[in-house]
2 protein chains.
Amino acid sequence: MASRQLSRAEALACPGCMHACHVMLYCDTKTLLFGSLPIRHIILMQMRFDGLLGFPGGFVNPSEESLEAGLTRELSEELGVALPILEEDHVDSRYAPASSSSSSSSSPRLITHFYAKKMEEEQIRELERAATTATDHGQEVLGMVRVPLYTMKGGGGLAPFLSHSFAGNARSQLADTLLHLHLVSPEELREAVACSLKIQASAAEELRASLASAEAKRKLL
Amino acid sequence: MASRQLSRAEALACPGCMHACHVMLYCDTKTLLFGSLPIRHIILMQMRFDGLLGFPGGFVNPSEESLEAGLTRELSEELGVALPILEEDHVDSRYAPASSSSSSSSSPRLITHFYAKKMEEEQIRELERAATTATDHGQEVLGMVRVPLYTMKGGGGLAPFLSHSFAGNARSQLADTLLHLHLVSPEELREAVACSLKIQASAAEELRASLASAEAKRKLL
């Protein structure tokens, strides 16, 4: 969906590139939403300091530590737990979209590495609790959120979630990994994306009305 | 910014109307982001079961309990703490936008009541911890998040946050209450809204590209 994929080795060989590693922590669940709709899987994302949604993780300098050691370190800061991520958890490496690095074209290119790690439901719950007292809580991280994969009768669930604003490659990392791990079907995802565009259009309309109202008040002053 | 405001009494007199009560829980903070940028205030919102951002709260039936008693009950379910909300915490009542009730025009109109309650920073932190084990966690609530009010050099903060998708009146309740309580200036808010529209436009572009790619793959099958 986004930029070209790289192998892990190819990515590490890139001269002068910067590297960021993020992980999708998830589990299966038998819990039903409101006693009837299967939730199926719990997937953790977070509200970041910059107001965007993203996955746990951060920058890693491969000349100082391995990608996985760096990601493990970031997780201990953000989630307050020791959670070793291994090379076998690697899913995908690719260049970040140019728009996500707001600096000039002379700045180093950013490669984003993505990992996925399946856990037990009780471990996920423990992570959510621990995250509220982790070092980065209220700093790099403004809160952990679960991703709804279901679709409710009125359209709530995955589609509204996909209509939010995501950091860098996070939305495509989410979508691609949901497909890769068979957590949603291509058809479910396609419908959710189509629906999320409509939700976003109505949010944009609301923002434009709000801006127009603020501009009008300003002219009255 | 949105629909017409009603007095609390006027709202309660509406025959057959439905009522929803939500609250902005907030505190002052001296904490600096990354040691330099003043965070100023912590404001709690949540990722809801339907994938939209909103405030804690829910439906209240005024023939069974007062608006404030109903809101207090909702908070105990969502945040796992007893946090009495009083009539003096009331900020605003208004009709919900028609689009937020997906049902037919013959269904009862929804009035949203909004409250704001200032707390101590340690109480807010305690709420965040308690919410991860509250009754509604993983059901009505997918996670609590803080609202960034600052603007970072690269534009991160309030503007990206406002570009997300919100339930019902939540975005205008947030914006209006930030102004009402002088937590942000009208100029700061206007600039953040203008910037959030650009962020949303680029998110829409990404979603359209993702949809086109999914459609193309589908035709290949």
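Predicted model: local features only at pLDDT ≥ 70, side-chain atom pairs only at ≥ 80, totals over all residues.
Residues are numbered from 1 along each chain as its sequence is written, and chains are lettered from A, with ligands numbered from 1, in the order in which they are written.

Chain A contains 6 helices and 10 strands, these being DSSP runs numbered from the N terminus (helices: H or I, at least four residues; strands: E, at least two). The C-alpha atoms of chain A occupy a box of roughly 55 × 50 × 35 Å along the principal axes. Of the 221 residues, 45% are buried, that is, have 20 or more other C-beta atoms within 10 Å of their own, with C-beta atoms placed from the backbone. Contacts are assigned where C-beta atoms, placed from the backbone, lie within 7 Å. Among contacts in chain A between residues at least 6 apart in sequence, 72% join residues at least 24 apart.

Between the chains, 59 residues of chain A are in contact with 58 residues of chain B. Elements that each supply at least two residues to this side of chain A are H3 (121-131), E10 (141-146), H4 (158-162), H5 (170-180) and H6 (186-220). The most comes from H6(A), with 21 residues. By class, the side of chain A that touches chain B has 28 nonpolar, 22 polar and 9 charged residues (nonpolar: Ala, Val, Leu, Ile, Met, Phe, Trp, Tyr, Cys and Pro; charged: Asp, Glu, Lys and Arg; polar: the others, Gly among them).

Helix H6(A) has 35 residues and spans 51 Å from its first C-alpha to its last, close to the 51 Å expected at 1.5 Å a residue, the expectation being 1.5 Å times one less than the number of residues. Its buried residues include Leu189(A), Val193(A), Ile199(A), Gln200(A) and Leu207(A). The cover over the buried residues of H6(A) includes H4 and H5 of chain A and, from chain B, H5 (170-180) and H6 (186-220).

Chain A can be laid on chain B with an RMSD of 0.0 Å by a turn of 180° and a shift of 0.0 Å along the axis, with superposition by least squares on the C-alpha atoms of residues with pLDDT of at least 70 in both copies. The two copies are therefore related as by a two-fold rotation axis. In chain A, the C-alpha of His164(A) is nearest the axis, 2.2 Å from it. The same surface serves both copies, as 98% of the contact residues of chain A recur in chain B.

Conventions:
Contact = placed C-beta atoms within 7 Å. Buried ≥ 20, exposed ≤ 12 C-beta atoms within 10 Å, placed from the backbone.
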